[in-house]
Amino acid sequence: MGSWRVRPCGLSAKAAKGFIGQTLTLGPDAIHDLLSDVAGAPPGPALVELAAQASGNPLYVRELVESLVREGGVTVGELADLRNTSLSTVRRSLAAALDSRLSFVRADALDMLRVASLLGREFAVGEVAALLGRSTIDISADLQEAVAAGILVDAGQRMTFRHPLIRQALYDGMPTALRVALHQDAARALDGIGGVEPQRVALQLLESGRVGDRWTRRWLADTASALAVRAPRIAAELLDRELEHGVADERDRAALSAALSQILVGAGEHEKAAVRARQALAVSREPADRGRMYWVLARALFSSGDNDAAVAALDQALEQDLPDAWRARLLASLAMFQRAGSGALEAADATARRALEIGETAGDTFAIAYALTDLWLNHSVQRRYLSALDCVDRALETLNATDDHADLRSYSLHARIFTLQNLSRWSDAEAALREARQFLLATDRTDDARFSVTAAVLTYWLGRWDDTLAELNSVDQSVSAMIYRGLRERGPMWLCHGVAALIAVRRDDRATADAHLRAGLRQPPVTIADRENTDFLLCAQALAAEQNGDQHLALSHLGDLLTREPGEMTLTHQWLPTVLRLALAVDDDSAAAAALEACRAEAAAEQVPARATAAADWCTGLYERDPAPLRSAVDHYRAVGVPVELAGALEDLAVVLAAHGNTAESKHLIGEALDLYGGFGAVWDIRRAEGRLRRYGIRRGVRGARIKRPAHGWDALTPTEHKIALLVAAGCSTPDIAQSMFLTRRTTQTHISHILAKLGKRSRVEIAREAFNRDPAAIPTDL
């Protein structure tokens, strides 16, 4: 098809109808030839890029270029390329040209299509019927005509325009004043249907551009909470537009300001959120409204780094006459700030218990669950993980009784995964992650970036680093996107860069490591809550220094991990074996002894022996050059299935055994460690381990050469990528794959992009073809 030429110029209306109905698309070579024919010279890059909007349809390509040539939008020399013509001008010109091609459609069907174009490229039949004030049966003939003409296509429960350009032609064919009025009517009609997502109504209001409409303001005030979850930026723009226009009614102004401040907190725009919250407080009279605004104001102040002001705002609020439900919520928020801001764990615990008591009396689900998450956190700081797990399970049980409070439920699910890891229940943690993503799917929050970071931390320790990076690569690594809305802030941003940097260091990808370290270290931690999320970054920074030959600097980077501040959560024990190894390497016995003491203190604090206890055995064996406690650590890591820690403990046990002259067992164990490192792609760890054993005369090769996964081709796919490739071959969509594998859509798409790159392919069809050639028996057939 690459050399086939199409000349559809001068088509009659009948022929045009036939052309629109075709599903024919041209490849890049054929598009290049067609552009050359129409423009009179080979196309330049801008013209090629613009022609891509026609989705390979030869009619649309020709109409696009002919309209540009007629209006002087193309210069012709050695190449034919665009003049300084704005994209909007090009689209309007093309829309007009395509509009004339629609003259063969009956007037009633054309009216129906114009109304449908208001709803975007995809729409439900019932939505169009509601906008027209007609029944579905009344418009069925018009729909069938549009489908027969190839203007619309069936998309399951919805209809879609075959090409975006024809929808644009229909849309632009309406006078502006009519479009504005119709968008406003469409918003009301969609709201009246029931079951329509609030963001679809909001988009209609946004497109209308009208400000000051009474119905719009009431709808925004009533729907802002739900809209903030689904489409926070649209909600913020609508609310801000109304408030800037001026709202005379004091109650409306309070409601809209309150809604906007809460959305701005969720978007990470904390200073603006504080301003809007204060504006709402200035005109709010209802005690419940004031309670909510104080809650938002305190959150905005804390998130902007002013913990003292946040606590002061809550103290001021608690002096007022508030409903018990809001008093309990504010106390729960205060408990969070007392611990996260200054580490006042005892005060935070007392405040949380008071919040729980008042919340239970008031029967407020949010306050009860929020207070329980406070207590979960306090127990976790104290390493009382069974008590912490009980608190978070009680919080989830409370929240399961309602469909509200999705953010708090999300936070609680994160907390449960974290606690199960701390109890060394890794398979249970994976199951909890799957449960969490099922919840996200059920609440249409499947691309919650925070769960990608949680999944990244979990898969890091499980040694699935390619999966870890796919999770992280799917995330917008900005502060505003990386928050726990209304609960904890900013931590995921440090974790995101820290985990990525640590993998890059251990894989000896120094450029990537440096980029993540710079990004992660750019914003210094302010609160205790900030500090406890920077440990991955500190470890990556230390290993980078060790790579560069400066072990003293590496040790100094980890100095902060020798102690925890009061109320600090940081899991220092997971890094202390590295601290001790570096301290021994530079003969700093005081630092080594401090690391051992700190790790033993962490183990002693554990309510039941778990990760810290195993780390203490590891540190003890390394410091005392005693194989027995190191064997105990190895046995633990092997039993619970955590390969990253197992590899490190095996390496240190091999070194200690070699120092004792037990060369045979040392060779066996270092071979196992190197195999594990090879599976992670940890080439730096392999070099370091081989260097440590070389001084004892132990070299690679005892267990045979490790097979390195190739960079390209079918065998280059990771296990996760292999499964996804097979699901693509089975015809599964990205959402279906995400659901079946408990991934976000973005993470799934990241995996698909990696598959395409490794296979050197350009489409899902080509992935499917490769899968059928390579592994046809494994392709699912019962989906």
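Contact here means heavy atoms within 4.5 Å.

## The overall picture

With that cut-off, 66% of the contacts in the protein between residues at least 6 apart in sequence join residues at least 24 apart. The model is a predicted one, where local features need pLDDT of at least 70, side-chain atom pairs count only at pLDDT 80 or more, and totals for chains, interfaces and linings use all residues. Residues are numbered from 1 along each chain as its sequence is written, and side-chain values use heavy atoms, leaving out hydrogens and water.

The protein has 41 helices and five strands; these are DSSP runs numbered from the N terminus, with helices being H or I of at least four residues and strands E of at least two. Of the 783 residues, 56% are buried, that is, under 20% relative accessible area with a 1.4 Å probe and protein chains only.

## Two buried polar contacts

Let's start with H183, which sits in helix α10 (residues 176–193). H183 counts as buried because its relative accessibility is 1%. Its side chain makes a polar contact of 2.7 Å with the side chain of Y171. A polar contact is a pair of N or O atoms within 3.5 Å; within protein, one must be able to donate a hydrogen and the other to accept it, and residues adjacent in sequence count only if both atoms are side-chain atoms. Leaving aside residues up to four places away in sequence, H183 touches L118, Y171, Q204, E207 and S208.

D81 belongs to strand β2 (residues 80–82) and counts as buried because its relative accessibility is 17%. A polar atom of the D81 side chain lies 3.3 Å from the backbone nitrogen of A46. Beyond residues up to four places away in sequence, D81 touches residues including G44, P45, A46 and L47, as well as G73, V74 and T75.

## Helix α19 and its cover

Helix α19 (residues 345–362) has 18 residues, which should span 26 Å at 1.5 Å a residue, and its end C-alpha atoms are 25 Å apart, so the two agree. The expected span is 1.5 Å times one less than the number of residues.

Which residues of α19 are buried? They are L345, A348, D349, T351, A352, A355, L356, I358 and G359. An α-helix has 3.6 residues a turn, so residues three or four places apart point the same way. The cover over the buried residues of α19 includes α18 (324–342), α20 (365–381) and α21 (385–399). Just after α19, G363 takes a positive phi of about 70 degrees.

Methods:
Buried means under 20% relative accessible area, exposed over 50%, partly exposed in between (1.4 Å probe, protein chains only).
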